[in-house]
Amino acid sequence: MTFCRDEQVWIPESDLEGMSVDTLAVRAGQIRTGQLEHSDPIFPTSSFVYGSAAQAAARFGGEEPGNIYSRFTNPTVQAFEGRIAAMEGGERAVATASGMAAILSTCMALLQSGDHVICSRGVFGTTNVLLQKYMARFGVETTFVNLTDMAQWRAAIRPETRMMFIETPSNPLCEIADMRALADLAHDNDALFVVDNCFCTPVLQRPFEHGADVVIHSATKYLDGQGRCIGGVVVGSDKLMEEVYGFLRSAGPTMSPFNAWVFLKGLETLPIRMRAHCDNALELALWLEQQPAVAEVFYAGLSSHPQHELAKQQQKGFGGVLSFRLKGGREEAWAFIDGTRMISITANLGDVKTTITHPATTTHGRLSPEDKAQAGITENLVRLSVGIEAVEDLKSDLERGFRALEK
Ligand SMILES: *Cc1c(COP(=O)(O)O)cnc(C)c1O
């Protein structure tokens, strides 16, 4: 059966007007075909056909909306974009091949040579490399500042500052940025405020409500949630996203339809997964605080966390990532990690499976000793991305880690 555009049944966004992010995660953005399938279809096609030469000309000329080529648009990718835009409360989303492609596309589309960026120190390591090594080659300079130190942000502002970039909570120490204060500073200086919302997802935090101009995700993490695909997305106003889309269309780091379909399936369970991640992480954080071999626990859900109140205002939950310092150094951290028998030793995060990482020698291993010290990445620091297994089983496995320390 041939597919005819006139038979497309679009589920209008307005049907979901005012609905909660939990509902949008399951239903927003779906594009039904004439087959009236219930679940989202996949369109693994590179190009699209036209009813006539005149229609082809109209599509290429932009007079008629519609698909041309999957580097530009693809219905499965559009469904994912529609869903995440609705969940974040942004006008439009542009899906990308990875989280890094989302950050690169944002920079390439919205910055030019001579512009200045201010970025928080605690960002994903590769973001740091992209800005410091590659964007710098094209005349975009970046100043790194401490996420929570407003005086450093203010002091770093220059007339050429065009972008302020953060992650909150930070990785791996769970520092919380005051998004409203940073957004106001950015806007007073004609700069864009960009938030990488990977750790919270729109289920826990919606940065547009706190003044963000652009929200970025690595879909590879919680949006997929099951460690299957690499992908990313940029969300913002129609005006800004038209620029990001223009870059993607020309440069090509687009999301594949198959990956978009996996992410659509992932989003449907995102709200219940995030609640399970948060519950398990809070319980483990409280339990770790009681352990004699633990010196310090970093998790914004703990009342001991210096920004616990701010986290409560900005977030609906505290997320699945926590870190802690063991008494001792690298030897103790590695012995603890190697002592566990179920938790996966891997640097990935945001998976239903709990993962354990030694940041100083993996995710943050490329930082200079000074940068590590600045970022608080000590040798005795261990990061957990808490999954959705039974929390008692997670405690039992971590107890094996503690027993390894007694030897
Ligand atoms: C993983 C990650 C990225 C990069 O995403 P990829 O999909 O691996 O390219 C960016 N930001 C944060 C916060 C991340 O955790």
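Predicted model: local features only at pLDDT ≥ 70, side-chain atom pairs only at ≥ 80, totals over all residues.

Modeller: Residues are numbered from 1 along each chain as its sequence is written.

Biologist: How many residues of strand β4 are buried?

Modeller: A residue is buried if 20 or more other C-beta atoms, placed from the backbone, lie within 10 Å of its own. Strands are DSSP runs of E, at least two residues, and helices are runs of H or I, at least four, numbered from the N terminus. Four of the five residues of β4 (116-120) are buried, so the rest of the structure largely encloses this strand.

Biologist: Which strand do five bridges join to β4?

Modeller: Strands of a sheet pair through backbone hydrogen bonds, either parallel or antiparallel. Pairing here requires at least two DSSP bridges. Five bridges join β4 to β5 (residues 141-145), and the two run parallel; H116 stands opposite E141 in β5. β4 also pairs with β6 (residues 161-167) in the parallel sense, over four bridges, where V117 has M163 as its bridge partner.

Biologist: In what order do the strands of the open sheet lie?

Modeller: The five strands follow the order β10-β11-β14-β13-β12, with mixed pairing. β10 (294-298) and β12 (344-345) are at the edges with a single partner strand each, so one side of each lacks a neighbour in the sheet. Two bridges join β12 to β13 (residues 355-357) in parallel, and I345 stands opposite I356.

Key: Buried ≥ 20, exposed ≤ 12 C-beta atoms within 10 Å, placed from the backbone.
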